[in-house]
Amino acid sequence: MNANEIISALTKDQIRTDLPELTVGNNVKVYQKIVEGNRTRTQMFEGTIIKVQGGGIAKTFTVRRLSYGVGVEKTWPVNSPNIEKIEISRKGRVRRARLYYLRDRVGKAAKVKEKI
């Protein structure tokens, strides 16, 4: 048994299967659990997926949105227990794996075409 087989056997039960398939260009709503003292609440972050990287237990995705004219990007591990749920609100049609060019665009130029 080599190291890769051992790692995949240990992490197999931690990989989440309840989340939708995350593809670059989709608009998503990510519901995240926030712990404040002894209370927990859910916070929603809505934006466009600009990057999906890694694989297996180490897979991460980055969501970008504009908040009061300032670009905000958040990166989450896909298998994080802090993610309550992810909803896909719009499927985007893109031809790139990374949408870093959206950082330079403002307004309607920063829109991604919708997949029909």
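The model is predicted, with local features requiring pLDDT of at least 70 and side-chain atom pairs counted only at pLDDT 80 or more, whereas totals for chains, interfaces and linings use all residues. Residues are numbered from 1 along each chain as its sequence is written, and side-chain values use heavy atoms, with hydrogens and water left out.

Five strands make up an open, antiparallel sheet in the order β4-β3-β2-β1-β5. Strands (E, at least two residues) are DSSP runs numbered from the N terminus, and two of them pair if DSSP finds at least two bridges between them. The edges are taken by β4 (70–77) and β5, each with a single partner strand, so one side of each has no neighbour in the sheet. On average, neighbouring strands are turned by 40° against each other, direction ignored; the axes behind this angle are lines fitted to C-alpha atoms, and angles run from 0 to 180 degrees between N-to-C directions. Between β3 and β4, which run antiparallel, there are eight bridges. Within that pairing, Phe61 has Trp76 in β4 as its bridge partner.

Buried means under 20% relative accessible area, exposed means over 50%, and partly exposed lies in between (1.4 Å probe, protein chains only). In soluble globular proteins, nonpolar side chains tend to be buried together. Leaving out residues up to four places away in sequence, Phe61 touches residues including Leu22, Val30, Val52, Trp76, Ile83 and Ile86, where a contact means heavy atoms within 4.5 Å.

Thr62 is also found in strand β3. Its relative accessible area is 2%, so Thr62 is buried. The side chain of Thr62 makes a polar contact with that of Thr75 at 2.9 Å; such a contact is a pair of N or O atoms within 3.5 Å, and within protein one must be able to donate a hydrogen and the other to accept it, with residues adjacent in sequence counting only if both atoms are side-chain atoms. Among the other residues that Thr62 touches are Thr48, Ile50 and Glu73.

Glu73 is partly exposed at 29% relative accessibility, and Arg103 is partly exposed at 40%. A salt bridge is a side-chain nitrogen of Lys or Arg within 4 Å of a carboxyl oxygen of Asp or Glu, and a search of the whole structure finds seven. Another joins Glu114 to Arg90, with the closest N and O atoms 3.4 Å apart. Glu114 lies in the segment after β5 and Arg90 in strand β5, so this pair ties together parts 24 residues apart in sequence.

Terms used:
Helices (H or I, at least four residues) and strands (E, at least two) are DSSP runs, numbered from the N terminus.
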